[in-house]
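Visitor: I'm new to this one. Can you walk me through it?
Guide: Gladly. Take a look at it before we start.

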Number of protein chains: 2
Amino acid sequence: MNKAGYVAVDWGTSSFRLWLVDPAGSVLGERRSQEGMMAAGKLGFATVLQSHLDALGAANDLPVIICGMAGARQGWVEAGYIDTPAHLATVPARAVAVPGAARDIRILPGIAQRNPTAPDVMRGEETQLLGALGMDADNAVVCIPGTHSKWAVVKGGTVERFATFMTGELFSVVSRETILSHAVAGAEEAEDIGAFKSAVVAAFDTPALAANLLFQVRSSQLLYGGSPSAARERISGTLIGLELAAGLAGDRRRSGITLVASGRLQRMYQLALETLAVPVRSIDAEEAARRGLSMAAQAIWKL
Amino acid sequence: MNKAGYVAVDWGTSSFRLWLVDPAGSVLGERRSQEGMMAAGKLGFATVLQSHLDALGAANDLPVIICGMAGARQGWVEAGYIDTPAHLATVPARAVAVPGAARDIRILPGIAQRNPTAPDVMRGEETQLLGALGMDADNAVVCIPGTHSKWAVVKGGTVERFATFMTGELFSVVSRETILSHAVAGAEEAEDIGAFKSAVVAAFDTPALAANLLFQVRSSQLLYGGSPSAARERISGTLIGLELAAGLAGDRRRSGITLVASGRLQRMYQLALETLAVPVRSIDAEEAARRGLSMAAQAIWKL
């Protein structure tokens with residue numbers, strides 16, 4: 001087994017992922033848990049991190065690079081924001097060291113868009129952008145779907161602007177906490193592709209109708225029947241279609257986008273984009289985070 | 001005191017309102033409670049109704065006219081739907097009698113739009129439309145804001161088509177159950193008119209950005225500060241502006257609309273419509289329901 005060079009951690013709001021990595025970037029070990037910022041805030045960030053390092057038998061002097069909500073004000077140590085336009089090379093350069101730690105632990109900053117007409121913040125996605133595009137990226141429009149989906153315009157390694165859409169969180173509360181929860185109750189894992197695609201197109205074509213298209217999930221089931229799975233995909237398709245109506249403004253529908261996603265999100269966004277005939281370059285979200293952390297580690301410690 | 005002619009009941013999902021009315025339509029007594037369909041389903045509809053009739057000393061032979069969710073499948077007695085195009089005169093004509101009741105109790109039907117590309121249902125609002133416009137209405141576009149806002153196109157007394165927007169319910173879950181709940185925590189009753197109007201205009205102008213404009217409530221507060229009240233009005237304005245972007249399609253922004261609303265909803269929709277320079281004819285929602293029930297009672301019992 002190769003000797004580990006550093007530890008990479010993607011520490012989100014509700015998830016924790018850790019990789020033990022050799023200097024060349026190969027993964028030697030991995031840990032994942034639900035001890036995100038919320039849980040770790042109670043347990044203690046240092047305690048949570050050390051328990052996972054111990055489980056992998058990581059050496060005491062191994063440095064640790066962290067991205068995500070651990071760097072938020074309510075996280076471990078506040079890592080601040082880089083303002084747009086933000087070159088991705090400044091992300092590792094502006095990492096913040098955890099004071100008083102027994103080993104070298106650095107937390108990467110987020111990016112802020114201090115524009116009063118379009119204020120926005122990201123934390124964690126800057127590392128995925130770095131991993132997905134590298135430091136000298138060509139022009140790319142990147143979509144990173146999730147609880148709070150990010151759309152970023154990157155030119156020559158610089159994040160020029162970005163926008164966050166509450167799509168994932170809206171899906172969660174609309175399907176669980178509104179009258180539509182009855183329509184989706186008992187939905188099986190099976191995805192209703194047809195219902196999803198129709199909903200994407202309807203919301204993309206007439207985004208102003210979003211709140212009406214959502215209610216149609218109920219009235220359609222009431223008047224015509226339909227499965228809970230179809231209802232769930234219709235809610236999902238409506239909200240993703242609404243996001244795409246904004247994200248694909250201008251000539252992006254023709255020039256295409258870079259999709260950074262995994263699992264079901266990857267499948268559904270890819271399907272939505274294909275339905276709208278948008279060229280897609282797809283990159284795995286977890287791989288992008290790990291690669292971004294590795295690039296930051298290389299830049300900081302010259303491994 | 002005049003002698004009562006009938007009892008009118010607006011029985012919603014979560015609210016109950018009852019009026020004791022003389023044959024000329026004057027209100028002799030009134031009751032209101034939270035015993036809507038949900039609560040009454042457990043207590044028993046007949047029991048709830050009788051308790052309010054007893055409280056007002058209503059005679060045993062007094063007939064009762066009811067609109068709203070008491071006529072839903074999960075209500076007291078299912079009163080079905082009239083299909084669009086639906087003349088408002090058919091609403092009382094299609095009332096359903098409660099079987100086995102000691103007095104004459106009728107429940108008004110809802111209206112259904114059996115159009116697979118725009119399925120929709122209303123129950124209760126048909127009575128408000130009747131009360132607001134009468135049976136021979138001129139052309140009107142009517143907005144009835146609420147948990148599930150209704151927009152109806154009425155021509156010569158006929159509801160030609162309508163659409164439901166989940167605006168009120170979205171406001172409720174977005175401001176209580178998402179990350180934005182932190183931004184609005186501690187909001188005072190005071191309304192931030194400026195924040196509301198800006199949000200209405202932004203969402204009306206670019207409805208596709210709705211899920212982004214919502215997230216801006218958080219990022220704006222994070223980067224620039226701002227009161228919880230401003231955050232709440234910004235969420236409200238964004239969702240109302242999104243609804244208006246669809247509701248005011250075509251030449252409605254010039255020709256104007258009829259607003260059937262009360263209280264805060266009336267104020268905020270009126271303000272939003274004025275901000276967009278839309279002519280508004282405003283009618284109190286509760287008054288519209290009571291008048292609609294009275295017109296139905298007159299039509300059924302020829303009082």
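Visitor: Let's start with a detail. What stands opposite A86(A) in β13(A)?
Guide: V159(A) does. This is a predicted model, by the way. A86(A) faces V159(A) where β6(A) meets strand β13 (residues 158-165) of chain A. Two bridges join β6(A) to β13(A), and they run antiparallel.

Visitor: Which sheet is that part of, and in what order do its strands come?
Guide: An open sheet of six strands in chain A. The order is β6-β13-β12-β11-β14-β15, with mixed pairing.

Visitor: Which strands are at the edges?
Guide: β6 (86-87) and β15 (280-284) of chain A. Each of them pairs on one side only.

Visitor: What does "pairing" involve, in general?
Guide: Strands of a sheet pair through backbone hydrogen bonds, parallel or antiparallel.

Visitor: Fine. Zoom out. How many helices and strands does chain A have?
Guide: Twelve helices and 15 strands. The radius of gyration of chain A is 20 Å, close to the 19 Å that the globule rule gives for 303 residues, so chain A is as compact as a globular protein of that length.

Visitor: What box do its C-alpha atoms fill?
Guide: Roughly 65 × 40 × 40 Å, along the principal axes. Of the 303 residues in chain A, 52% are buried.

Visitor: What share of its contacts join residues at least 24 apart?
Guide: 66%, among contacts in chain A between residues at least 6 apart in sequence.

Visitor: What about confidence? What is the mean pLDDT of chain A?
Guide: It is 95, and 99% of the residues of chain A reach 70 or more. The model scores ipTM 0.95 and pTM 0.95.

Visitor: How many residues of chain B are in contact with chain A?
Guide: 37 residues of chain B, in contact with 38 residues of chain A. On the chain B side, α8(B) gives the most, with eleven residues. Elements that each supply at least two residues there include β10 (120-122), β13 and α5 (167-177) of chain B.

Visitor: Why do you say the copies meet through the same surface?
Guide: Because 100% of the interface residues of chain B are also interface residues in chain A.

Visitor: Is F162(B) buried or exposed?
Guide: Buried, because F162(B) has 24 C-beta neighbours inside 10 Å; the cut-off is 20 or more.

Visitor: And what does F162(B) touch?
Guide: Leaving out residues up to four places away in sequence, the list includes Q113(B), D120(B), M122(B) and W151(B). V142(B) is 20 residues from F162(B) in sequence and 9.1 Å away in space, C-alpha to C-alpha.

Visitor: New topic. Why call β1(B) largely enclosed?
Guide: Six of the six residues of strand β1 (residues 6-11) of chain B are buried, so the rest of the structure largely encloses β1(B). Y6(B), A8(B) and D10(B) are buried on one side. V7(B), V9(B) and W11(B) are buried on the other.

Visitor: Which strands does β1(B) pair with?
Guide: β2(B), antiparallel, over six bridges, and β4(B), parallel, over five bridges. V9(B) has L18(B) as its bridge partner in β2(B) and I66(B) in β4(B). β1(B) and β2(B) form a hairpin with four residues between them.

Visitor: Back in chain A, how many residues lie between β2(A) and β3(A) in their hairpin?
Guide: Five, and G25(A) in the turn has a positive phi of about 100°. The two strands pair antiparallel over six bridges. R17(A) has R32(A) as its bridge partner in β3(A).

Visitor: Last one, a helix. How far does α7(B) reach?
Guide: Helix α7 (residues 193-205) of chain B reaches 18 Å from its first C-alpha to its last, close to the 18 Å expected. Its buried residues include F196(B), V200(B) and F204(B).

Visitor: What covers the buried residues of α7(B)?
Guide: The cover includes α8 (210-224), α9 (228-247) and α11 (263-275) of chain B.

Conventions:
Residues numbered from 1 in each chain as written. Chains lettered and ligands numbered in written order. Predicted model: local features only at pLDDT ≥ 70, side-chain atom pairs only at ≥ 80, totals over all residues. Expected span 1.5 Å × (residues − 1). Buried ≥ 20, exposed ≤ 12 C-beta atoms within 10 Å, placed from the backbone. Contact = placed C-beta atoms within 7 Å. Rg over C-alpha atoms; globule rule 2.2 N^0.38 Å. Pairing = 2+ DSSP bridges. pLDDT = per-residue confidence, 0-100.
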